[in-house]
Amino acid sequence: MENKPISVGMVSLGCPKNLVDSEVMLGLLKSSKYRVAKDMDDCDIALINTCAFIEDSRKESIDSILELAELKKQGKIRGLIVCGCLPQKYYQALKEEISEIDAMVGTGEYGKIGEIVDSVLRGEKVTRLEDTRFIYDHSAPRFLLTPGHYRYIKVGEGCDHRCTFCIIPQLRGDYRSRPIDSIETEIRHFVSEGMREANLISQDTSYYGRDIDGQYLLPELLKKLNAIEGLGWIRLLYNHPFHLTDEILEVMAGLDKVCKYVDIPLQHISDRMLKSMKRGILKEKTVALIQRMREKVPGLAIRTTFIVGFPGETEEDFKELCDYIREAKFERLGVFTYSKGDDGGSKLAEQVPEKIKRERRAHLMTLQQKVSLEHNQDLLGRTLEVLVEERESSGRYVGRTYRDAPEIDGKVFIQGVFQEIEMGQFYQVKIKSALEYDLTGEFVPGPGLVAAKLPGSLPSCGPSAWALGHPPL
């Protein structure tokens with residue numbers, strides 16, 4: 001009788017950058033001798049790719065490890081491998097507290113995952129944390145953890161900034177860019193498989209290329225990708241304001257496939273807070289940049305994030321932030337409460353009480369709800385291009401506009417089908433009503449299809465059975 005192949009399962013937590021790492025690890029294992037299980041109850045070896053960015057993500061990672069450790073105690077899995085940021089930072093504590101862990105794999109050791117699994121199956125305990133310089137290229141296989149019509153593409157890894165609230169450089173090393181040809185080759189391959197939307201990610205996407213020869217290469221990369229036949233949208237996620245140049249904005253405005261959407265975490269607007277956070281850019285230049293972005297890229301949707309409760313934040317600092325949010329009217333906005341950890345901010349005096357942090361966050365989100373509703377109401381009666389992703393049991397379709405990144409932004413709920421609708425394709429939708437974050441509309445009669453139909457079949461849309469993590473932070 002033929003032996004049943006060894007199966008591996010993956011719990012992937014944290015941001016899309018982590019998700020790509022999980023896809024690469026599973027791709028390497030699947031291309032070797034292992035089978036990827038559809039759920040954690042059907043695997044021999046359980047892998048968990050952890051996040052350690054904020055306290056909530058650290059807690060979620062630990063809780064998930066403990067759940068898998070319990071499965072191992074019960075004999076339901078043979079091995080437990082903990083990967084990513086948590087073991088990179090907290091190896092000793094994990095080793096002492098959770099004896100069921102068989103291997104700990106740091107952020108630069110993903111390329112060795114096959115030999116690590118082999119060692120665990122031999123009953124060995126493994127620790128691989130030394131290297132933080134890993135970055136995959138186009139030759140690395142990736143196992144799909146997103147719907148087939150969109151993918152996250154890492155253009156770089158690591159970070160050269162040393163913000164006092166962030167430990168990413170400790171976990172991922174300095175910034176290093178992938179070659180343009182490697183990124184283009186990877187995207188062309190995914191387009192041939194049915195991908196319509198490429199979401200470009202790194203810790204600072206606008207910084208792309210600076211580590212190579214001191215030049216910003218994002219404009220050149222965007223021009224190359226814009227020429228790929230069959231690709232519908234190119235989206236820029238995670239851009240530091242210090243490096244978002246006029247050239248990048250002008251190229252965005254002039255390329256039809258580049259979404260007029262920028263994710264640009266500002267973190268605060270008070271000069272006191274920005275200096276304390278070591279952001280490298282203060283209020284005057286930030287305000288001027290946001291104004292310039294809107295002038296140079298008509299129709300631009302801006303997503304930003306802010307941190308409240310950073311050590312030393314006063315009521316005056318917070319009021320200044322509230323006033324700016326009312327004034328700037330960002331299309332998309334998220335708010336985090338400062339999470340004390342092993343970052344530079346944890347060593348500062350004047351820590352803000354948790355209750356005040358939560359109150360400030362709630363206040364900002366209430367402000368943003370009103371702003372978001374105003375933006376959505378401005379779209380009433382307009383016809384927008386929508387990427388249709390899902391059909392509900394009621395028959396209603398769900399999609400996104402260029403203003404909405406996967407998983408974190410709003411949805412468009414669509415009625416009125418005039419033709420056979422394919423998931424992962426673009427259609428014209430007339431907006432009929434608006435809520436704070438979502439829109440409803442009707443399909444516009446006619447051909448409606450914007451993107452060319454590509455060779456290759458799309459995998460099933462909707463949540464992946466293997467992506468057991470939470471939406472990106």
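User: How many strands form the closed barrel, and in what order do they run?

Analyst: In this predicted model, the barrel has mixed pairing, and its neighbouring strands are turned by 50 degrees against each other on average, direction ignored. The closed barrel is made of 5 strands, in the order E15-E16-E17-E19-E18.

User: Where does Glu407 lie, and is it buried, partly exposed or exposed?

Analyst: Glu407 is a residue other than glycine with a positive phi, near 75 degrees. Its place is the loop between strand E16 (397-400) and strand E17 (412-415).

User: In what order do the strands of the open sheet run, and which are its edge strands?

Analyst: The open sheet has 6 strands with parallel pairing, in the order E2-E1-E3-E4-E5-E6. An edge strand here pairs on one side only, and this applies to strand E2 (35-36) and strand E6 (126-128).

User: Which residue of E3 is the bridge partner of Met10?

Analyst: Strand E1 (residues 7-12) and strand E3 (residues 45-50) run parallel and are joined by 5 bridges. For Met10, the bridge partner in E3 is Leu47.

User: Across which strands do helices H2 and H3 lie, and at what angles do they run?

Analyst: Helix H2 (residues 55-73) lies across E1, E3 and strand E4 (79-84), and its direction relative to E3 is about 175 degrees. Helix H3 (residues 85-97) lies across E3, E4, strand E5 (103-105) and E6, and the angle it makes to E4 is about 130 degrees.

User: Is Thr146 buried or exposed, and which residues is it in contact with?

Analyst: Thr146 belongs to the loop between E6 and strand E7 (150-154). Because under 20% relative accessible area counts as buried, its value of 5% makes Thr146 buried. Leaving aside neighbours within four places in sequence, the contacts of Thr146 are Leu19, Glu23, Arg151 and Tyr152.

User: How far apart in space are Thr146 and Gly209?

Analyst: In sequence, 63 residues separate Thr146 and Gly209. In space, taken from C-alpha to C-alpha, the distance between Thr146 and Gly209 is 27 Å.

User: Why is strand E12 described as largely enclosed, and which of its residues stands opposite Ile234?

Analyst: Strand E12 (residues 258-263) has 6 of its 6 residues buried, so it is largely enclosed by the rest of the structure. E12 pairs with strand E11 (residues 233-236) in the parallel sense over 2 bridges. The residue of E12 that stands opposite Ile234 is Val258.

User: How are H9 and H11 oriented, and what is the handedness of their crossing?

Analyst: Helix H9 (residues 246-254) packs with H11 at an angle of about 25 degrees, the axes being 9 Å apart. Because angles under 35 degrees count as roughly parallel, H9 is roughly parallel to H11. The contact brings together Asp246, Leu249, Glu250 and Ala253 of H9 with Arg292, Met293 and Lys296 of H11, a set that divides into 3 nonpolar, no polar and 4 charged residues. The crossing of H9 and H11 is right-handed.

User: Which residues of H11 and H12 meet, and how do they divide by class?

Analyst: Helix H11 (residues 283-296) and helix H12 (residues 315-328) pack at about 15 degrees with axes 12 Å apart, which means that H11 is roughly parallel to H12. Their crossing is right-handed. From H11, Lys283, Thr286, Val287, Ile290 and Arg294 meet Glu320, Tyr324 and Ala328 of H12. By class, this contact of H11 with H12 has 4 nonpolar, 1 polar and 3 charged residues.

User: What is the phi of Lys278, and is this residue buried or exposed?

Analyst: Lys278 sits in the loop between helix H10 (271-277) and H11. Although Lys278 is not a glycine, its phi is positive, at about 60 degrees. With a relative accessible area of 55%, Lys278 is exposed.

Technical notes. Residues numbered from 1 in each chain as written. Predicted model: local features only at pLDDT ≥ 70, side-chain atom pairs only at ≥ 80, totals over all residues. Heavy atoms only, no water. Axes fitted to C-alpha atoms, helices over the stretch in contact; angles between N-to-C directions. Helix = DSSP H or I, 4+ residues; strand = E, 2+ residues; numbered from the N terminus. Parallel < 35°, antiparallel > 145°, perpendicular 65-115°, else oblique. Left-handed = near helix turned anticlockwise from the far one by under 90°. Contact = heavy atoms within 4.5 Å. Nonpolar A, V, L, I, M, F, W, Y, C, P; charged D, E, K, R; others polar. Pairing = 2+ DSSP bridges. Buried < 20%, exposed > 50% of the residue type's maximum accessible area, 1.4 Å probe, protein only.
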